[in-house]
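Please look over the sequence and the structure shown here before reading the notes, which are written for someone meeting this protein for the first time.

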Amino acid sequence: MSAEQTPVIEKPPPPAAAPPAGHAPRFWSPRRAPAALVAVLVLVIAGAFLYDIAAVRAHHPAMRWRRELARRLAAQPLDGTWVLVGAGITTALGLWLLVLAVTPGMRDLLPMRRTHPDVRAGLRRDAAAMVLRDRAMEISGVRRVRVRLHRSRAHVLAVSHFRELDDVRGDLEASLADAIRAMGLARPPTLTLHVIRPGRKG
């Protein structure tokens with residue numbers, strides 16, 4: 001066989017390495033409504049001012065609304081009620097927009113561990129709390145369960161009407177810890193468990 005007929009065997013590229021099990025950033029909310037509202041407001045206000053400035057540069061009189069606005073602002077004291085109210089509303093709006101810009105949002109969606117670099121999965125917080133509540137109700141002696149699930153902590157309050165509280169607490173800790181591991185969350189919440197008797201406020 002000649003050199004021109006020698007087959008060339010190429011090795012396939014190695015598969016992309018999967019990200020670490022705990023590396024799963026939070027989901028970012030698109031926030032289309034606030035972004036569209038801000039864009040429209042900026043476009044309208046900037047367009048109106050640019051048009052009026054261009055008209056003045058072209059030796060046309062300024063628009064009536066801008067002359068009236070300038071007159072009112074010149075006559076309005078800086079410590080007036082409406083000036084302070086307007087400044088407060090503008091500041092609150094600006095802070096709200098900054099918070100929306102730097103926070104991911106979607107707090108009810110807990111990111112799960114990524115086993116493939118191209119696939120992201122999340123678990124709703126209420127669904128995760130329901131899983132913990134159902135697992136806790138399977139324990140003998142548990143009468144009622146209340147679960148409050150946050151991003152980093154799971155608060156579980158169980159009411160036991162028979163069996164020793166230490167025995168119930170031990171079974172609950174093992175069952176709930178197994179349920180948290182089975183969820184496959186990227187950042188498993190820390191379990192905080194309280195077991196009480198009926199009729200006692202907790």
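Predicted model: local features only at pLDDT ≥ 70, side-chain atom pairs only at ≥ 80, totals over all residues.

Residues are numbered from 1 along each chain as its sequence is written, and side-chain values use heavy atoms, with hydrogens and water left out. The protein has 5 helices and 5 strands, where helices (H or I, at least four residues) and strands (E, at least two) are DSSP runs numbered from the N terminus.

**Overall make-up**

- Of the 202 residues in the protein, 24% are buried, with buried meaning under 20% relative accessible area, exposed over 50% and partly exposed in between, for a 1.4 Å probe and protein chains only.
- Among contacts (heavy atoms within 4.5 Å) between residues at least 6 apart in sequence, 60% join residues at least 24 apart.
- The accessible surface comes to about 14,800 Å², and 63% of this belongs to carbon and sulfur atoms; such areas come from the Shrake-Rupley method with a 1.4 Å probe, and for residues only the protein chains shown count as cover.

**The largest nonpolar core**

- A nonpolar core is a set of buried Ala, Val, Leu, Ile, Met, Phe, Trp, Tyr and Cys residues joined through side-chain atoms within 4.5 Å; the largest one here has 22 residues, of which Leu132, Val142, Val145, Leu149 and Leu172 touch the most other members.
- Two or more residues of this core are given by each of helix H4 (125-137), strand S3 (142-149), strand S4 (153-160), helix H5 (165-183) and strand S5 (190-196), and the largest share, 6 residues, comes from H5.
- Not counting residues up to four places away in sequence, Val145 touches Arg133, Ala136, Met137, Val156, Leu157 and Ala158.

**Helix H5**

- The 19 residues of H5 should span 27 Å at 1.5 Å a residue, and this agrees with its end C-alpha atoms, which are 26 Å apart; the expected span is 1.5 Å times one less than the number of residues.
- The buried residues of H5 are Val168, Leu172, Ser175, Leu176, Ala179, Ile180 and Met183, and because they fall within an arc of 140 degrees when seen down the helix axis, they line one face of H5; the arc is that of the directions from the axis to the C-beta atoms.
- These buried residues pack against strand S2 (122-124), H4, S3, S4 and S5, whereas the face of H5 turned away from its buried side carries the exposed residues Asp166 and Arg181.
- Just after H5, Gly184 takes a positive phi of about 70 degrees.

- Two strands pair if DSSP finds at least two bridges between them; S3 and S4 do so in the antiparallel sense over 7 bridges, and a hairpin of 3 residues joins them.
- Val142 has Ser160 in S4 as its bridge partner.
- S4 and S5 run parallel and are joined by 7 bridges, with Ile196 in S5 as the bridge partner of Val159.
- Because 6 of its 8 residues are buried, S4 is largely enclosed by the rest of the structure.

**Asp52 in helix H1**

- Asp52 lies in helix H1 (residues 32-57) and, at 0% relative accessibility, counts as buried.
- Leaving aside its neighbours within four places in sequence, Asp52 is in contact with Ala62, Met63 and Arg66.
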